[in-house]
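Please consult the sequence and the structure shown here.

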Amino acid sequence: MTDATQAGGWSPERSAAGGHNPYLIAFVVSIATFMEVLDTTIANVALRHIAGGLAVGIDESTYVITSYLVANAIVLSISGWLATVLGRKRFYMMCVATFAAASLLCGFAWSLESLVLFRILQGLGGGGMATSEQAILADSFPPAKRGQAFAIYGIAVVVAPVIGPTLGGWITDTYSWHWVFLINVPMGLLSLFLVGTLVNEPSGAEEERRALLRKGLRVDYVGFALVAIGLGSLEFVLDEGQRNDWFGSNMILGFALISGFCLLALIPWELTREEPIIELRLLGQRQFAACFLVMLGTGAVLISTTQILPQLLQAELNYTATLAGLALSPGGIFTMMMMPIVGRLVSSVQPKYLIMVGALIVMLSMWHLTGLTQDISYGYAAWSRIFLGIGLPFLFLPVTTASYDGVPPEKTNQASALINVARNIGGSMGVALAQSVLAQRQQFHQSRLVEHAAPSDIGYQQTVDAMTRYFQAQGSNASEAASQAIAWVGQTLQRQIDFLAYIDVFWTLAVIGALMIPLALSMRSIDLNAPARGH
């Protein structure tokens with residue numbers, strides 16, 4: 001190894017690009033990750049079609065999503081260790097091949113049980129892609145150019161959830177839910193061919209792998225069991241909690257206790273291992289810990305808004321699934337436009353300042369949505385997403401870049417795994433938080449507004465009288481008009497309750513955006529000229 005490498009810098013020997021243009025490598029390894037992230041959101045849209053096609057209830061069909069997320073979380077957390085042991089390129093190709101094969105099986109699933117089984121296999125394959133890709137990018141580019149490299153990767157993980165609902169709705173409406181999974185097969189084969197042809201295993205990483213195997217591979221079985229059960233149970237709680245009344249359900253309570261015990265036991269166990277399966281010591285570093293928390297918040301805002309905004313548009317404003325998805329699309333376009341710009345800024349501006357700008361924009365975009373009314377236009381919803389789409393690159397790219405600062409090259413696999421765990425778990429936590437706030441605030445606002453809908457309330461009486469006269473003018477008799485007036489008041493009241501609850505959700509997400517600002521301030525400045533020593 002060179003002195004730069006030993007010092008925690010970059011060296012050409014560690015490049016996965018070999019003799020190829022590293023930007024070509026960035027594009028090639030992003031194909032499969034884009035496919036995997038896209039598949040996660042597409043499947044959400046197809047649930048009703050899947051339930052109908054397999055003759056099961058919509059609640060049962062949600063296990064198609066839960067099973068994937070649980071398997072994904074388990075592999076994601078240990079993918080850094082697996083990439084080190086198996087080799088980065090080899091592990092990446094194994095993940096892509098597994099994902100593509102499982103997608104083919106999902107497309108031909110004959111029952112819910114078979115589909116859930118194949119989705120677990122798909123999740124196991126998909127979990128390692130993002131981690132391996134980030135580590136390959138970190139090794140292919142010197143630190144000064146990593147921001148531009150991660151911009152290409154960022155398009156995959158930020159834009160894919162935006163276009164997923166629209167594409168998923170179109171595929172299921174035009175063809176069938178089977179094609180939601182089958183489209184992954186040709187993309188997977190293309191990715192395998194390009195990665196196998198163009199990407200090299202970094203010589204430095206290969207030497208470290210051989211040295212590790214020569215010492216005798218000691219598998220941390222206890223650590224693996226703790227992280228698999230802990231994260232798997234946590235993912236199940238977050239995904240199923242709202243549907244099962246959270247801790248009012250013995251099943252959810254049981255999984256929560258199991259998750260808490262395993263994750264707490266994981267900390268002392270991993271900190272005392274020479275070769276831990278998860279490098280928790282990284283979370284003890286101020287820089288990496290701050291990046292981890294910001295990525296947690298970024299995932300929470302991105303994924304929760306990707307779900308809650310179309311839900312609002314469809315449930316309250318009667319948008320079609322396709323039109324609701326299209327309301328998110330302009331945000332994706334602006335994200336793609338901003339990615340290369342922010343990628344260049346990362347090379348010359350301290351990441352912590354860029355993160356502060358991103359957090360401020362995200363906070364303001366959520367604050368914009370707190371101005372919801374019952375007659376908002378398509379443009380209002382689209383602009384809210386555009387604001388968010390502008391802010392996300394200022395969070396995602398600097399966080400990804402800063403998280404590697406001070407991390408030794410042999411730990412890049414582990415660092416990448418933990419940052420991706422933060423994004424995935426943050427997304428699940430954001431969705432769970434948004435749905436819980438929505439349900440609880442609906443109950444709160446209903447209890448307050450119903451107080452003013454009593455027959456003895458003067459305002460209520462005047463409204464019913466006015467609407468009764470309106471319906472009589474439309475041709476209803478006195479009895480029908482009175483019933484219609486009461487029904488109209490009830491519907492109007494319910495819509496007000498729902499809108500007030502959605503506003504509270506967006507206030508909550510705005511607070512998450514605000515909390516990321518002091519986290520950014522806590523980060524240290526990094527040496528933007530470090531790459532000069534790496535060549």
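Of the 535 residues in the chain, 55% are buried (under 20% relative accessible area, with exposed meaning over 50% and partly exposed in between, for a 1.4 Å probe and protein chains only). The model is predicted, so local features need pLDDT of at least 70 and side-chain atom pairs count only at pLDDT 80 or more, whereas totals for chains, interfaces and linings use all residues. Residues are numbered from 1 along each chain as its sequence is written, and side-chain values use heavy atoms, with hydrogens and water left out.

**Overall fold**
- The chain contains 22 helices and zero strands (DSSP runs of H or I, at least four residues, and of E, at least two, numbered from the N terminus).
- Among contacts (heavy atoms within 4.5 Å) between residues at least 6 apart in sequence, 84% join residues at least 24 apart.

**Helices 15 and 22**
- The axes of helix 15 (residues 286-317) and helix 22 (residues 478-521) come within 10 Å and cross at roughly 165 degrees (lines fitted to C-alpha atoms over the stretch in contact, with angles from 0 to 180 degrees between N-to-C directions).
- Helix 15 and helix 22 are therefore roughly antiparallel (over 145 degrees).

Definitions and conventions:
Parallel < 35°, antiparallel > 145°, perpendicular 65-115°, else oblique.
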